[in-house]
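This report is meant for a reader who is meeting the structure for the first time. Please keep the sequence and the 3D view at hand while reading.

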Amino acid sequence: MSETQIRPNRIPWPPIVYIAAIAVAIVAHFFLPLPWIGAPLSDLLFAAGWLAIIAAVAMEYAAMRALSRAKTTILPTKASEHLVTSGPFSFTRNPIYLGNTLLMIGIGLISGIAWFLILAVIAAFTTQKLAIEREERHLQGRFGKRYSDYAKRVRRWV
């Protein structure tokens, strides 16, 4: 049995990546603030930011409930006991990571800190490389054709 079949990662990359991205966005804004869009468009972006945050929280909560109901782990360093394809997993294979990305985008739109938008994309890409691709190999190894069929049906992000 390969290491990725036992567990997808030794290090919990996603929370580390997103927390680091938030910290870098704040520090970068302090030292090198980027221009932001003025009113009235900024008011629309502010409202869109709140919608993004609400969507992110709802999606992450629903994903955590789906994992809990299936009695499988939420931890990116533990082996999955069951393949979850219901709830938000029916339209994205990574609802928690998508939620984290949406949360960063929402914060950026509300605060007017463009660095959050830039670093949300970088965090998503980094998470895909450090965690998602390994998690996919883990799920493929554990669930075989069931996972392959699911991956063909449901996109990685949206």
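In what follows, a residue is called buried when its relative accessible area is under 20%, exposed when it is over 50%, and partly exposed in between, with a 1.4 Å probe and protein chains only. The model is a predicted one, in which local features need pLDDT of at least 70 and side-chain atom pairs count only at pLDDT 80 or more, while totals for chains, interfaces and linings use all residues. Residues are numbered from 1 along each chain as its sequence is written, and side-chain values use heavy atoms, with hydrogens and water left out. Helices (H or I, at least four residues) and strands (E, at least two) are DSSP runs, numbered from the N terminus.

**The nonpolar core**

A nonpolar core is a set of buried Ala, Val, Leu, Ile, Met, Phe, Trp, Tyr and Cys residues joined through side-chain atoms within 4.5 Å. The largest one has 30 residues, of which Y18, F89, M104 and W157 touch the most other members. Two or more residues are given to this core by each of α2, α3 (41-69), α4 (95-111), α5 (114-143) and α6 (145-153), and the largest share, 9 residues, comes from α5. Contact means heavy atoms within 4.5 Å; with neighbours within four places in sequence left aside, F89 is in contact with A63, A66, L67, V84, P95, Y150 and V154.

**A buried loop residue**

N9 is placed in the loop between α1 (3-6) and α2 (13-31), and it counts as buried because its relative accessibility is 4%. Which residues does N9 contact, leaving aside its neighbours within four places in sequence? They are P76, T77, L130, A131 and R134. The side chains of N9 and R134 are joined by a polar contact of 2.9 Å, a term for a pair of N or O atoms within 3.5 Å, where within protein one must be able to donate a hydrogen and the other to accept it, and where residues adjacent in sequence count only if both atoms are side-chain atoms. The side chain of N9 also reaches the backbone oxygen of L130, at 3.2 Å.

**Salt bridges**

A salt bridge is a side-chain nitrogen of Lys or Arg within 4 Å of a carboxyl oxygen of Asp or Glu, and the structure holds 5 of them.

| Pair | N to O distance |
|---|---|
| E81 and R142 | 3.8 Å |
| K129 and E133 | 2.9 Å |
| R156 and E136 | 2.6 Å |

K129 and E133, by contrast, both lie in helix α5, 4 residues apart, which is about one turn of the helix. R156 lies in the segment after α6 and E136 in helix α5, so this pair ties together parts that are 20 residues apart in sequence. Is E136 buried or exposed? With 15% relative accessibility, E136 counts as buried, whereas R156, at 25%, counts as partly exposed. Salt bridges that share partners join R93, E136 and R156 into one network.
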